[in-house]
Amino acid sequence: MQDKPVTLAAVTGAHGVTGEVRLKLFGEGIAQLKQYKSFNDGALTLKKIRDDNKGGAVARFAEVTDRNAAEKLRGTVLTIPVSALPELGEGEYYHADLLGLAAHSESGEPLGTICSVENYGAQDVLEIERPSVDGKPGKKFMIPMNKAAVVEWDDTRLVVSDDFADI
């Protein structure tokens with residue numbers, strides 16, 4: 001499997017005048033982010049991180065020493081290689097592993113490509129973009145990531161139950 005980057009957070013702006021940055025967290029939150037010290041192929045080294053009590057975090061990186069440098073990071077995503085993530089149990093997956101997978105129906109019809117994985121509180125929901133037609137982007141549809149809708153998946157494709165493929 002390719003060692004693609006996985007995004008754990010994004011810099012939303014500077015915090016204070018000493019180079020700290022505000023972070024929007026993805027995944028499992030601050031506890032997960034604390035496990036890693038190096039981001040973006042070694043470009044950023046985490047020195048300190050704390051909860052901002054608003055669902056995000058405030059971080060300090062060794063390479064960022066003032067507010068101007070912190071402001072330049074606005075919009076930067078913090079990534080690690082997928083190989084740095086913990087091993088998964090049976091039936092578990094990382095969102096990054098699903099993105100870009102080809103989706104097929106049980107009967108073998110190509111449905112499109114997984115373009116997004118969302119979670120609105122109850123379970124993950126996959127957004128699948130159908131192939132483009134006459135140069136126009138394909139329509140998108142969503143299915144739940146559960147056993148009723150997703151029959152099987154691996155690192156090359158995802159099989160959607162025919163009951164959900166006609167959406």
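**Close-up views of a predicted model**

**View 1. Strand β2 (residues 20-25) pairs with β5 in the antiparallel sense over three bridges.** Strands are DSSP runs (E, at least two residues), numbered from the N terminus, and two strands pair if DSSP finds at least two bridges between them. Within this pairing, V21 stands opposite A59 in β5. The model is predicted: local features need pLDDT of at least 70, side-chain atom pairs count only at pLDDT 80 or more, and totals for chains, interfaces and linings use all residues. Residues are numbered from 1 along each chain as its sequence is written, and side-chain values use heavy atoms, with hydrogens and water left out.

**View 2. Strand β4 (residues 44-51) also pairs with β5 in the antiparallel sense, over five bridges.** Here I49 stands opposite A59 in β5. The two strands β4 and β5 form a hairpin with five residues between them. In the turn, N53 has a positive phi of about 60°.

**View 3. Strand β5 (residues 57-61) is largely enclosed by the rest of the structure, because five of its five residues are buried.** Buried means under 20% relative accessible area, exposed over 50%, and partly exposed in between (1.4 Å probe, protein chains only). In a regular strand the side chains alternate between the two faces of the sheet. On one side of β5 lie A57, A59 and F61, and on the other V58 and R60; both faces are covered.

**View 4. The largest nonpolar core has 26 residues.** A nonpolar core is a set of buried Ala, Val, Leu, Ile, Met, Phe, Trp, Tyr and Cys residues joined through side-chain atoms within 4.5 Å. V21, L23, L33, F39 and F61 have the most contacts inside this core. At least two of its residues are supplied by each of β1 (5-15), β2, β4, β5 and β6 (77-81). The largest share, five residues, comes from β1.

**View 5. L23 touches residues that include A9, V11, L33, I49, A59 and L78, not counting residues up to four places away in sequence.** Contact means heavy atoms within 4.5 Å. Elsewhere, a second, separate core of 17 residues includes Y93, L111, M145 and L158.

**View 6. K140 lies in strand β10 (residues 140-144).** This lysine is partly exposed, with a relative accessible area of 48%. Leaving aside neighbours within four places in sequence, K140 is in contact with C115, E127, I128 and E129. The C-alpha atoms of K140 and R130, ten residues apart along the chain, are separated by 6.0 Å.

Technical notes:
Helices (H or I, at least four residues) and strands (E, at least two) are DSSP runs, numbered from the N terminus.
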